[in-house]
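Please look over the sequence and the model shown here before reading the briefing that follows. The notes begin with one residue and then widen to the rest of the chain.

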Amino acid sequence: MRKTMSGAALAVIVLAGGVVLAAPAHAAGSCSDPLKNDFGVTIPGPRPDLTFYVKNCADVTGTKVTGHSFTSWRPVDPQGHLDEKRFASFVVTTRIESRVSPTPPLDQDKVVTSTSCDLTSLVNKHVNYTGNEDEWENPPNRCVAPSATFDDELWWSTDSTIVYDIVGDGKGAMTQQLDGSPLLH
């Protein structure tokens, strides 16, 4: 059975004798744990190896689903040539996905919106970058997918993929699939 008003009730507020209708009162959010969503990258030569951490977040506010991926990194051992270029490319693709059921199989995920963010120059410029996603409206290490229209019959999440190419390793582009945010409904 379909829920009414997108799963949210309209709030009626009486102020100074007037009636104001507020927007739907539905708001929820969830993020993956960046400490469980990490991966290591071995850099050849005297440049330090890096560990990357990714926090994928989905939010539902009113009739919109938004999602972003927040990427940070640090050297495994901060020795070596910190100023040398490490990546020929480093691209994060963030996806807002929906599914009809909260249970597997995972192949039932449908990509609703996505975007790709090129972090190559940021990753090459900083050997250690945590940033603070609460500090800025849109920090340079946050990849934001276009918002989607919320449907309360579906389960929603945000996930990401990083495709990177290490300078001098001879392996070409590598793909790292990351865990998505917990499901929202």
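Is Thr161 buried or exposed? Thr161 is buried, because its relative accessible area is 11%, where buried means under 20% relative accessible area, exposed means over 50%, and partly exposed lies in between, with a 1.4 Å probe and protein chains only. The model is a predicted one, in which local features need pLDDT of at least 70 and side-chain atom pairs count only at pLDDT 80 or more, while totals for chains, interfaces and linings use all residues. Residues are numbered from 1 along each chain as its sequence is written, and side-chain values use heavy atoms, with hydrogens and water left out.

**Overall layout**

- The protein has one helix and 11 strands, where helices (H or I, at least four residues) and strands (E, at least two) are DSSP runs numbered from the N terminus.
- Along the sequence, these elements follow the pattern β-β-β-β-β-β-β-β-α-β-β-β.
- Of the 185 residues in the protein, 39% are buried.
- Among the contacts (heavy atoms within 4.5 Å) with a separation of 6 or more, 67% are between residues 24 or more positions apart.

- Thr161 has its place in strand β10, and Arg95 lies in strand β7.
- Arg95 is buried as well, because its relative accessible area is 12%.
- The side chain of Thr161 makes a polar contact of 2.9 Å with the side chain of Arg95 and one of 2.8 Å with that of Gln177; a polar contact is a pair of N or O atoms within 3.5 Å, and within protein one must be able to donate a hydrogen and the other to accept it, while residues adjacent in sequence count only if both atoms are side-chain atoms.
- Arg95 and Gln177 are also joined through their side chains, by a polar contact of 3.4 Å.
- Leaving aside neighbours within four places in sequence, the residues in contact with Thr161 include Val91, Val92, Thr93 and Thr175.
- Thr161 and Val54 are 107 residues apart in sequence, yet their C-alpha atoms are 9.9 Å apart in space.

**Nonpolar cores**

- The largest nonpolar core has 21 residues, and those with the most contacts inside it are Val41, Phe52, Phe87, Phe90, Ile162 and Tyr164; such a core is a set of buried Ala, Val, Leu, Ile, Met, Phe, Trp, Tyr and Cys residues joined through side-chain atoms within 4.5 Å.
- The elements that give two or more residues to this core are β4 (38–41), β5 (50–61), β7 (87–99), α1 (120–125) and β10 (155–166).
- A second, separate core of 10 residues includes Ala58, Ile96, Ala145 and Ala148.
- Not counting residues up to four places away in sequence, Ile162 touches several residues, among them Phe39, Val54, Phe90 and Leu178.

**Disulfides**

- A search of the whole structure finds two disulfides, each being a pair of cysteine sulfur atoms within 2.5 Å.
- One of them joins Cys31 to Cys57, with an S to S distance of 2.1 Å, and this disulfide is right-handed because the torsion about its S-S bond is about 115°.
- Cys31 counts as partly exposed, at 38% relative accessibility, whereas Cys57 is buried, with a relative accessible area of 2%.
- The other disulfide is formed by Cys117 and Cys143, with sulfur atoms 2.2 Å apart, and it is right-handed, with 80° about the S-S bond.
- Cys117 lies in strand β8 (residues 110–118) and Cys143 in strand β9 (residues 142–149), so the pair ties together parts that are 26 residues apart in sequence.
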